[in-house]
Structures are given as structure tokens and as C-alpha cells.
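Colleague: Please show me the model, and let us go through the terms used to describe it and the grounds for each.

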Amino acid sequence: MQVFINLAYLVAAILFIFGIKGMTTPKTAVRGNQMSAVGMLIAVIAALLEHHVVTYGYIIIGVIIGAGIGTFLARKVQMTSMPEMVAALNGFGGGASLLVASANYLEMQQAAALPAGTLMGMPEVSLMWSVALILSILIGAVTLTGSFVAVGKLMGKLGDPSSIGMFKMIVKICFALLIAGAIYFVADDPLEHSNLLIVMVVICLLLGVALVIPIGGADMPVVIALLNSYSGLAGSATGFVLGNNGLIITGSLVGASGLILTTIMCKAMNRSLTNVLFGGSMAAESGVSKDENDAFYEGKVKVSSADEVAMLLDSAKKVIFVPGYGLAVAQAQHATRELASMLQDHGIDVKYAIHPVAGRMPGHMNVLLAEAEVPYEQLVEMDVINPEFAQTDVAIVLGANDVTNPAASKDKNSPIYGMPILQVQNAKSVVVVKRGLSPGFAGIPNELFINENSLMVHGDAKLVLQEIISAMKDL
């Protein structure tokens, strides 16, 4: 039976690997997700066949409740709220590791109080078990609170605090206490220090809050990827605690892929991971006030209308849409697809420029546009699309801000200097659709908005696009 279980875990791991591979492109993402789901089903069945399972009653109840909640969320959560859902799922993963490892710790305490040989098959209180236990519980606790703070920031309920220095100090104190406590816990008899473990869990819950609170909104894609990695590492450590090969493999895959994605996100923003975690928000670094932001644009922005944009598009041969978070908030993906189809019917070449950190999490724009059935081949990554802007008649920026700011390549004093951007400014004409002139998450003005070849259309992206479609029909 154990050989069969291990083979099932191996098959599940292979499906996970191919599933992750499938998710690297929009065209194969659905199939990759399905393969991963099948792999998880196999892993769950294999886990239920383990000899440690005493009764299936509570497990079945948990499966029914969890499946019901998951189905409800999958159907009801809007695509615009997907980043919040992903962050919450990371928190649930960390919380699960915390609870499962804690339950195993209590079980080991009870087993130690019984006569020798009463319970067979229990893991020994070894150094490896102790290290895995403390890592599982502590990383899980940090992931739990950190993820839900991220949810609050994504929802706009938690802003960037003014007392960033205080949180940095809390983080340093927490790290020092945890290192000292973990060494003592592992070096001595772990089963005798349940009170110490409780104290460390409380410190980790506080650490999760203190780590994420100071991080600015522009860095949320990095934070989500990192918390995803944390949840995987906590799960893998829990696998060592329980002696479960499937959990070890699955957690390791999630942890490794999360770290790789975090590295990609940091590179896309030209920021180091330590700067994201301990440097505070880019908006705080910029020091640009509202008055300074308004003065930057005063008398320099050329305001346009839907009718004027329609005439501009009518004479274009190539158009590139640049989606950003403003498109997601306005739920304008379907209107964008409708306008693009209309342009294609007129023989105009249409593409979409996708920046790695556009939106609020990796792949956010791809998912939104895929929901509107935008052809996969029209979604072009930044490095590929940038050389094409110079041959583009009209670039339409829909709610994107920092990822199109020329200051990233020109102003060495800018907090986003060095960040790879979509080189929209090279297009013959640029149409910016934006509610107002408020800065993006980096907290700085965007030079693109005052360029000679730029036009600004104020308003909700969906409504503006619908007006442009109507004007195109009149033409």
C-alpha cells in the first residue's frame, strides 16, 4: 500500500509540474490548471489512504464545507477581485500549515505521556522533526496575517502608514526574538516548551502584519508572489513533520515557483527583494505632494474627446492597447475587445502590450482579457512589443500609469528609475484614458501625459471606450 501511495504522489507531482508549465502562457493556462487540479485530487486520495487516518467522518465534513466555499468563491468573485482572492488563499495555506503542525505537536505531547509502545507509527522527536515543526508553525503564522493584511491593502482598506520606521523596528525585534526562541526550542526538549511555542506564534502573527503594512501598493505583485512562496515552504515543512511525501513535494514546488516568480517581479520593477520588504512604499520615497503633482500638469495636458479619438483611429493602420489597473476597476475588458474587433474589421492591426506588473498581481491583465475572449496571439509581452511602438499609429493607455512613465529611463532621482517600462511614448499618437491626474502607486507624476503626442480623455475606461465605439459607428 505504501508503494502505491508513493507512486500516486509521484504522478501528482508530475501533473503539478506540467500544470505549472501550462500556466506560463494564456493559451495553455486552462489546461495547466486542469492538470494541476487532477494532480491535487490524486494527492488527496493518496493522503486519505495513509495509515495515520483514524476516521473519515471529520475529513468528509471538511471536504464538503471546503468544496462548497471554493465553488461559491470561484463563481462569485469578480476577475477584478482575483488578486485579493489569491492573497487570501495564500493566507489559508499558511493557516492550514500552522494548525496541522500544531495539532501534530499536541499529538506528540499526548503520545509522550503514554507508556512506551502504546502508539505505533508516531514520528520520533528528532532534530529534523523539531526544525520542521518550528518552521511550519512560524512560517505559516507569518503567511496567515501577512496575506490578510495584503488583502486589506488591495481592497484599499489599509493605506501606507506614516510610521514606517516603527514597523521596521518591530520587524527587527520580532526576528531577534524568534531566532533566539527557535534555537532554544529545538536545542532543548520541544515537548516541554509549549508556552514558548505559543509566544513565538503570537510574535509571528505580529511579524506578518509588521512586514506587509509598510509595503506600498506598487509592490503588491511582489508581495503576493512571495507570500505564495511562504505558503508552499510552510506546507513542505509540514510534510516533513507528518512524514508525508506528497505534501513535501507539493510544498516544495509551490515554494520554488513562488520564489522564481518573486525574482521575475523584482526584476520587472528594478527593485531588490530587501528593498520591497524593508524599503517602504515608493510613494513615500517620492515625496511628491498633491500640490506639486497638480502643478506638474497645469496647462500642459491636452484634453481630448471620444469623437476626436474616433477620427484618429479611423485613419490608423496599427493600434496597441496598453491595459492597466484602471481597466480592471472599470471592468472595461469587454468594451476594449469590442473596440478592437471593430478596428480589425476596418483592416487595422491590433495588439495588446502586457507589462509583467500591470494590475495588482502577475498575469492579472492576461486573465481579464482572456475573460473577454481576446485572442491569445494578440497579447504581447513587454520586451517583444516595445520595438513596435515606433511603427504604431495610436497607442491607447487604459488606466496604466507607472508602467508607462518615461521617468523610469530618464530621471535618475525617480523612485522608479531603471524599471523596465512599456515605451508608449514612441508611438505616433498616444491616447490616455484616465479618471483624473492622480499619481499611480509610485506616487509621482507621469511625463507621458504631457508629451506633445499625447491626448488625455478623462473618465471611466468602460464608458469612454463605449463612447469611442459609438463615435466610430457614426463615422
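Colleague: What makes the six strands an open sheet, and in what order do they stand?

Modeller: In this predicted model, the order is S3-S2-S1-S4-S5-S6, with parallel pairing. Strands are DSSP runs of E of at least two residues, helices are runs of H or I of at least four, and both are numbered from the N terminus. Strand S3 (379–381) and strand S6 (454–458) stand at the edges with a single partner strand each, so one side of each lacks a neighbour in the sheet. From one strand to the next, the twist averages 25 degrees, where axes are lines fitted to C-alpha atoms and angles run from 0 to 180 degrees between N-to-C directions.

Colleague: Why is a group of residues called a nonpolar core?

Modeller: The name applies to buried Ala, Val, Leu, Ile, Met, Phe, Trp, Tyr and Cys residues joined through side-chain atoms within 4.5 Å. Buried means under 20% relative accessible area, with a 1.4 Å probe and protein chains only. The largest such core has 43 residues, and Leu133, Ile134, Ile137 and Phe185 touch the most other members. Helices H4 (82–112), H5 (127–154), H6 (164–187), H7 (194–212) and H8 (220–242) are the elements that give two or more residues to this core. Helix H5 gives the most, with 12 residues. A second, separate core of 40 residues includes Leu327, Leu369, Val374 and Val433. In soluble globular proteins, nonpolar side chains tend to be buried together.

Colleague: Which residues are in contact with phenylalanine 185, neighbours within four places in sequence aside?

Modeller: Contact means heavy atoms within 4.5 Å. Among the partners of phenylalanine 185 are Tyr105, Leu133, Pro190, His193 and Met200.

Colleague: How do you know that the radius of gyration agrees with a compact globule?

Modeller: The radius is taken over C-alpha atoms, and the rule is 2.2 Å times the number of residues to the power 0.38. With 475 residues, a compact globule would have a value near 23 Å; the protein chain has 25 Å, which agrees.

Colleague: On what conventions does this rest?

Modeller: Residues are numbered from 1 along each chain as its sequence is written, and side-chain values use heavy atoms, without hydrogens and water. Local features need pLDDT of at least 70 and side-chain atom pairs count only at pLDDT 80 or more, while totals for chains, interfaces and linings use all residues.

Technical notes
Pairing = 2+ DSSP bridges. Buried < 20%, exposed > 50% of the residue type's maximum accessible area, 1.4 Å probe, protein only.
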